[in-house]
Amino acid sequence: MIMTEISNNIREELAELKKFTATPGNGVTRFPFTEEARRACAYLQQLMEEAGLTVRLDNSGALIGRLEGETPATIMIGSHFDSVGHGGAYDGIAGVVCAIEVARLLKKSGKKPHYSLEVIATNDEEGARFHVGLFTGKVLLGQLTVEDLHKQTDADGISVYEAMAAYGLKPEEIAEHQRRDIKAFLEVHIEQGPVLEAADKQIGIVDVIVGIKRVSVRINGRADHVGTMPMHMRKDALEQAAKVISKIGDRARCFPNTVATVGFLQVEPNIINIVPQTVTFTVDIRGVDKAAITSQYQGLVADLEQMQAASGLTYDVETLLDAEPVVMDAYIKELFAASCAVRGLTHMQLPSGAGHDAQIFGEQLPAAMLFVPSIGGRSHCPEEESRAEDLAAAVLVASDAVQTLLAGK
Ligand code: GLV
Ligand code: MN
Ligand code: MN
């Protein structure tokens, strides 16, 4: 009965939230500090208020619903509301909707908890607009300065600072929003891969989240006429970039359980009869072993050095994100497993190859994640889907753990 009610809520709410996109009919595109973001938050605010929460927009652009306990120390649960470009209707936002269901169950129980509860819809987790990501987590843990907000710009040259100000936030005060009252962070998220489905498990308990190093590389060449500049005299940035990029995948294959991807590439001036002057590309390196990430990064820099020495073209590298691999909290994982056992839900532990807010929180405080099977393992695409019933099962498990934590046990 309760499962049916939760599943129906989740199904309806996700169908509604899917509408807040910049690309209707072509996947969900909900970038940070946009009209779509504002409209999704307005809808979420309504849901949070119905669940009995007092709602505010914090200075990172995250929406937070709070239920006051006997003491102000806070157990936080949630996920992100932003999406990648042309992404799915589940990544992030499903975890927000599940967290609201956890609050509803608490309200139904009629108990005033010992600790306070916050449900959070975080902002700019993906990094799709500014290539960085995990924004709210970093703000709440005091990791960002005003200078950081000026550094990154989107495709139109708008900085995070400018985007925040235009959205009505206060970028100058970014460092003042560090939270010291959060006792634990929990997140429900779709798996985004095929492991749970293949193993026929209803619930995944994350044991470790991969470390991520994201860098932006620029190769500086020279624009010339493609017909008149001889091959031995030209400085073709794309030709040199291609040589460096071609080694990135093979290097990653030398390390177990690591991946490396060039997901963004920009050629300037990008004209058929001009030798490419500048190429900018991102490299995203991930794995559960920090040393393997560092080795791959060093290999990339060595290749760039070699390219510079051999061709005379120069390069610049800028680090965008350096998130550590993070082990999830053992006690909360036990609470999850115990709840699955009591409720007769099949479960397994697995690592997360995707980045999550829980890894930023997990660097400093107890954090834990539940995964829900992704149909066909598809994610970061419009076909992304999880069953509402599976999300509802995760709500019950998360709720059991949250209620134990809120009681101060
Ligand atoms: C976010 O989904 C990421 O893993 O990049
Ligand atoms: Mn996500
Ligand atoms: Mn994602």
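This is a predicted model: local features need pLDDT of at least 70, side-chain atom pairs count only at pLDDT 80 or more; totals for chains, interfaces and linings use all residues.
Salt bridges don't feature here: the count between domain 1 and domain 2 is 0.

As for what the two parts are, the domain assignment gives domain 1 as 2-209 + 325-406 and domain 2 as 211-323. Domain 1 is thus written in two segments, because the bounds come from an automatic or database domain assignment that lists 2-209 and 325-406 together. Taken over C-alpha atoms, the centres of the domains sit 33 Å apart. On the contact side, 16 residues of domain 1 touch 14 residues of domain 2. Putting the two together buries about 1100 Å², with carbon and sulfur atoms giving 58% of that area. On the domain 1 side, a trio does much of the work: His131, Val132 and Pro325 supply 47% of the area that domain 1 buries against domain 2, more than any other three residues.

Next comes the metal site. The manganese ion (ligand 2) is held by NE2 of His80, OD of Asp91 and NE2 of His189, at 2.1 to 2.2 Å. Along the chain, these donors follow the spacing H-x10-D-x97-H. Histidine 80 belongs to strand β3 (residues 74-80), while aspartate 91 is in the loop between β3 and α3 (93-109), so the pair ties together parts 11 residues apart in sequence. Both residues are tucked away from solvent: histidine 80 counts as buried because its relative accessibility is 0%, under the 20% cut-off, and aspartate 91 is buried too, with a relative accessible area of 7%.

Another aspartate is worth a look. Aspartate 154 is found in the loop between α5 (146-151) and α6 (160-166). With 12% relative accessibility, aspartate 154 counts as buried as well, since buried means under 20%. A polar atom of the aspartate 154 side chain lies 2.9 Å from the backbone nitrogen of aspartate 156. Once neighbours within four places in sequence are set aside, aspartate 154 is in contact with Arg129 and Phe130.

Conventions: Residues are numbered from 1 along each chain as its sequence is written. Chains are lettered from A and ligands numbered from 1 in the order in which they are written. Side-chain values use heavy atoms; hydrogens and water are left out. Donors are N, O and S atoms within 2.8 Å of the metal (3.2 Å for Na, K and Ca); water is not among the atoms, so sites may look incomplete. Helices (H or I, at least four residues) and strands (E, at least two) are DSSP runs, numbered from the N terminus. Buried means under 20% relative accessible area, exposed over 50%, partly exposed in between (1.4 Å probe, protein chains only). Contact means heavy atoms within 4.5 Å. Buried area is the accessible area (1.4 Å probe) that two parts lose on being put together, summed over both. A salt bridge is a side-chain nitrogen of Lys or Arg within 4 Å of a carboxyl oxygen of Asp or Glu. A polar contact is a pair of N or O atoms within 3.5 Å; within protein, one must be able to donate a hydrogen and the other to accept it, and residues adjacent in sequence count only if both atoms are side-chain atoms.
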